[in-house]
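This report describes how the chains of one assembly meet and how parts of each are built. Please keep the sequence and the structure in view while reading.

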Amino acid sequence: MLALDHVAQSYGSKPVLSDVSFVLSPGQIGCLLGPSGCGKTTALRLIAGFEKLSAGEIRIGAEIVSHPGHSLAPEQRRVGLVFQDYALFPHLSVEQNIAFGLSALPATDRRMRVAEMLDLVGLDHEATAYPHQLSGGQQQRVALARALAPRPRLLLLDEPFSNLDVELREKLSLEVRDILKQEAITALLVTHDQHEAFAMADVIGVMNKGVIQQWDTPYNLYHQPTNRFVADFVGQGVLLTGNVLNSRQVEIALGVLEGKVDGECSEEGGCVKCEKGCQVDVLIRPDDIIHDDSSLLMAEVERKAFRGSDFLYTLKLPGGGHVLAQVDSHHNHAIGERIGIRLGIDHVVAFRK
Amino acid sequence: MIDAKKAPVPGAFFISKQVGSLGPVAVATLLALLTLIPVAVVASAMLHPDQTIWDHLWHHVLPELLVNTLWLALGVSIGVSVLGTGLAWLTAACEFPGRKFFSWALLLPLALPAYVTAFVWIGLLDFTGVLPTWLRESWGITQLPPIRSRGGVILVMILALYPYVYLTARAAFQGQGRRLLEAAQSLGISRRRAFFKIALPMARPGIVAGLSLALMETLADFGTVSVFNYNTFTTAIYQAWFSMFSLPAASQLATILICFVLALVTLEQLSRNGARYATSARGGGGARRIVLSGANALMATSAAGLVFLLAFVIPIGQLLAWTHNVMATDLDARYLDFAWHSLMLAGLGAVLVVSLALALAYAQRLRPTPAMQFSARLATIGYALPGAVLAVGFYIPVAGLDNLIIDAYRDSTGEEIGQILGGTLAVMLLAYCARFLAVGFGPVETGLARITRGMDEAAQVLGTTGLKRLFRVHLPMLRAPLLAATALAFVDIMKELPITLMTRPFGWDTLATRVFEMTSEGEWERAALPAVAICLVGLLPIFFLVKHSDART
Amino acid sequence: MKSLKSALFGALLVVVAQAAQADEVVVYSARNEQLIKPLFDAYTKETGVQIKFVTDKEGPLMARLKAEGRNTPADIFMTVDAGNLWQAAREDLLKPVNSKVLAANIPEHLRDPGNEWFGLSVRARTVVYNRNKVKAGELGTYEDLANPKWKERLCLRTSKKVYNQSLIGMLMAEHGEPKAEQIVRGWVANLATDPFPDDTKAMEAVAAGLCDVTVVNTYYFGRLMEKKPNLPLAIFWPNQNLKDKTAGVHVNISGAGVTRHAKHEAAAIKLLEWLSSEKAQNLYADVNLEYPANPKVKADPVVTAWGSFKPNLINIAQAGALQAKAVMLMDRAGYK
């Protein structure tokens, strides 16, 4: 439905995007995830048609909408857009906002579509209100309804939940996902918030410095990051120095890890194909560390964060170095206390030093 | 965003916390009184209708002049709206050759008194004017549309007054940013249509602010319509007063005029129907200019150029030519005094007008009740009164107060003293405020409306409230509208005549009174010198305004 | 910066109006600054008496006098037409002056019967025509301009100017209201174009051939001809046949009176007497090419070159008394 093919863009001599390629199939929800300044918003604006690209091409459906020297005007792309600040028209009521993109429809169809959209986002009772009379969440829903009303081929969402509080954010992101799925909308979301990305997207591209680092499912991003940036940006964890014993064993401060060591490739380090004695960094997620009072391996609690259902402990290892451990919340240990831990790793993620 | 009507910002007091929420009300009431006293003095004449004059007016004068006035008001309103808004959009949102120059040059007609422009155009285009004479003698063309006609007076007034709308609409467009236009585009609306569906409606408060100034100026105008001998409500007011010696009848007519304006203003407010024009969605930076090219660019440049030529270059050219003729005999050292007086009165007056306007607009923001809005409208209605009527309405209570003081002094000491208030600059400046509060209020009110409540609250939680917030948050954000208001008030006071004539101290002649001395005996050529001087001094604030308001975009 | 500040401060604080001083006269004048200042300067030089004055239109000045009441600083009220003086007298803003000098210098028809005001210069409103298109013999009277033979040949200034209002006032006094209205209707029917905002424009239209004849104050003619001596314009003195009912050219005055509450009454009367004197009259009238009110004084050579005429001797106060009615008459007749 949406395809970016080796897209690049630069402001003057400063490259903003390089060689960005990905495909979204119909009904799929994609996400560009990255820190601010990584180029994700530029990518979104390129797709919407507000910016012109310097190389590559963008296709929506079968139609090439952008390539160097040609750019279909934004209003002709049939792409819906939900802005970070919603950009509701303050001088128009909710229904007028939603009807804004429907001027081509006959009046009765337009009314029906507006009613349908109001119903979809649950704002039937606010039809005649003005944006300034709505709460943040309601404004968000109006923005969504307005973007969906003209049945766009593709919906773009620019940090759509960043103006909302955490609770509302989670609730709304699930709601919006349901709506998009129900309507079978192909959508692309950009955000810097991995929770938002995980909650909404079927497939995520992690971006840094104008380059897509990894285009994958949320599960794979977390469990099989292909490089240090992705490992670091997605989820929590630490890198511990390891010593490769053989192709199935790595030794770290906590013991010897069993698992396939090679095979995982990253663009910066190349595939970890080192022989015995090779030094690597091994990714240890908090859920890889299991608290076990019977374990002989002891670590000292340095910091702890209560997260409701669990604790996130920062533990100091005997031989130096730190790991994070996710532990059931009834295991309440004091700072400075030494607790027993063991490793519970399914597969090894390691990057060559 | 929080609905202001339901949730007044706590702790948001204007004067001090002790005065509490009465502060804003007090400010608005005081300011309303300032203009209401003269209006009330004028309106009190309603109690003594002059039957003979009314019968006469009713049968022989009113029908024609009502039609005339409505046509004039309608024609000028449409004209200044289209011209002012169109040019504002061109210079604020588009890029074409000469845009930078035109963006400030199109304000220059403000510095020319409208009746002077009118006289110049009649001189050029009437039967004996340069163009018709040449057409007649060289080409035998005699059938030309007459300039001394309804169309002529409307055209000249549009040329003189469009800058009010241009100024306020431009500020509105500049404040919009590009986000909402992009939103419209993403919904399948082209930029051209987005102008009509988004940019234009969003700029409505700004356009209306400028339009109502232009409209009030039109309704209160006497000089320009006199040059055209075009009878309006205001000429009837002056006729009743000056020719039939009935100040009561004049005041009654003026009261009707005010009621008409109040009704219009109220209707406009009601028609907004709760819509807001402020948005936090101004991201995406300033609007990216639409680059016009080819025929479009040529058309934009020619349109702006034509307006500039007709509204400024030609009138000032004629004035300069006349000035050249009389310079040797008329220009003397006194002109330094005239210019200094004008500059000082306009400067002090403009600062005072804008300060009071800010206080009023701020009071209205803190207590946005219907009663408050109505008193704000009342306080700014002085602009719709013909100048001389307002001047006399202002002077009567001042002289009355003086009489009380003088009589009391005489009774207690047996000595005579002169006037205490009459003939002082303080009274003069207050009278300017009564007349020009609207000029300051319009831009400031629309500017203030663009600052969202969220910003107020952000300042508040950072411990910045009351006056501190005004100075640290609002004033910096209001820079552009405040500059615009000051410039407008400055040039308006520079050109003002009736109040200046009536309240000036002995010997305090200004450039404007100089124009009056010359034109009242029909010596238009000699009036060109002070008129050009007004224009030169009036350029100062316009340059200043443009320099500082464009610095940020 | 400091001097600017102190200047502003001083100007705001100093109450300009001060207690009455003996050696000054305060004038409220509707006559332009450039026409009165030379005289006042000469008077101050001669007598040492200071003259303070403000200029404005008559209406606002009268409203101001009225509002200030007995505490007005003004000693003299000066206008450029009789109607406003008449109105000022009617509203009791002026006081009678018994001065032998003024009585001797100013002819009876140019002053108020109650001696509340005095004409100081005479402004004749006469006919000006295009020499190429009209022979002087075709012209006769103001009334004659209503004759259909002038159809599309007449240009007039607006009825809003007080000079036309007092002219119509004179016709009303001579003929009665219905006849006067008939005459005005005749004029309106003969108009070649809408009335002009000033006399000069009307004369220029005559010169350019848009119309053939108009009615103007002579000093406008003088001013225009000084600038463009080649215009084919000439003055005609109407109503010179003494057997006619309305004999004589319509004249108005610029004049002055002493205010009811003058603080310097004696000094004010002295100033008026001086203004009517032979040495001041030329200065007063010549600066604007007007006729001196004092018959012993000869007008400027430019003015005398236009020939002599017999003025209408109706007391000028009558025109003032009829002004409001004249305005209504013109409104009824469609004279704009």
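## How the chains meet

Of the two pairs of chains that touch, the pair formed by chains B and C has the most contacts. Chain A and chain C, by contrast, do not touch, and their nearest C-alpha atoms are 46 Å apart. The model is a predicted one, and what follows should be read with that in mind.

## The contact between chains B and C

The contact draws 51 residues from chain C and 48 residues from chain B. On the side of chain C that touches chain B, at least two residues each are supplied by α1 (2-13), α2 (33-47), β2 (50-55), α3 (58-68), α6 (162-175), α8 (199-208) and α14 (323-333) of chain C. The largest share of this side, seven residues, is contributed by α3(C). Sorted by class, the residues of chain C that touch chain B comprise 23 nonpolar, 13 polar and 15 charged.

## A helix pair across the contact

Two packed helices are described by the angle between their axes and the distance between the axes. For helix α2 (residues 51-93) of chain B and α14(C), the axes come within 9 Å and cross at roughly 35 degrees, and the crossing of α2(B) and α14(C) is left-handed.

Which residues of α2(B) and α14(C) make the contact? From α2(B) they are B:His56, B:His60 and B:Val61, while α14(C) brings C:Met328, C:Asp331 and C:Arg332. In the contact of α2(B) with α14(C), the residues divide into two nonpolar, two polar and two charged.

## Chain B as a whole

The secondary structure of chain B amounts to 23 helices and two strands. Chain B has 553 residues, of which 55% are buried. When contacts in chain B between residues at least 6 apart in sequence are considered, 83% of them join residues at least 24 apart.

## The two domains of chain C

Chain C is divided into domain 1, made of 2-121 + 253-298, and domain 2, made of 123-249 + 316-333. The C-alpha centres of domain 1 of chain C and domain 2 of chain C lie 30 Å apart, and the contact takes 18 residues from domain 1 of chain C and 15 residues from domain 2 of chain C.

On the side of domain 1 of chain C that touches domain 2 of chain C, α4 (82-90), β5 (118-130) and β9 (250-259) of chain C each supply at least two residues. The largest share of that side, five residues, comes from α4(C). By class, the side of domain 1 of chain C that touches domain 2 of chain C holds eight nonpolar, seven polar and three charged residues.

C:Val162 has its place in helix α6 of chain C. Is C:Val162 buried or exposed? C:Val162 has 23 other C-beta atoms within 10 Å, and because 20 or more such atoms make a residue buried, C:Val162 counts as buried.

Leaving aside neighbours within four places in sequence, C:Val162 is in contact with B:Ser243, C:Asp81 and C:Gly83. The C-alpha atoms of C:Val162 and C:Thr44, which are 118 residues apart along the chain, are separated by 32 Å.

## The sheets of chain A

In chain A, five strands form an open sheet in the order β2-β1-β4-β5-β6, and the pairing is antiparallel. At its edges stand β2 (14-24) and β6 (70-71) of chain A, each with a single partner strand, so one side of each has no neighbour in the sheet. Strand β1 (residues 2-11) of chain A pairs with β2(A) in the antiparallel sense over seven bridges, and A:Val7 stands opposite A:Val20 in β2(A).

An open sheet of six strands in chain A has the order β7-β8-β9-β3-β10-β11, with mixed pairing. Here β7 (79-82) and β11 (211-216) of chain A stand at the edges, and because each has a single partner strand, one side of each is left without a neighbour in the sheet. Neighbouring strands of this sheet are turned by 20 degrees against each other on average, direction ignored. Strand β10 (residues 203-208) of chain A and β11(A) are paired in the antiparallel sense over five bridges, with A:Gly205 opposite A:Trp215 in β11(A).

Methods
Residues numbered from 1 in each chain as written. Chains lettered and ligands numbered in written order. Predicted model: local features only at pLDDT ≥ 70, side-chain atom pairs only at ≥ 80, totals over all residues. Contact = placed C-beta atoms within 7 Å. Helix = DSSP H or I, 4+ residues; strand = E, 2+ residues; numbered from the N terminus. Nonpolar A, V, L, I, M, F, W, Y, C, P; charged D, E, K, R; others polar. Domains from an automatic or database assignment. Pairing = 2+ DSSP bridges. Buried ≥ 20, exposed ≤ 12 C-beta atoms within 10 Å, placed from the backbone. Axes fitted to C-alpha atoms, helices over the stretch in contact; angles between N-to-C directions. Left-handed = near helix turned anticlockwise from the far one by under 90°.
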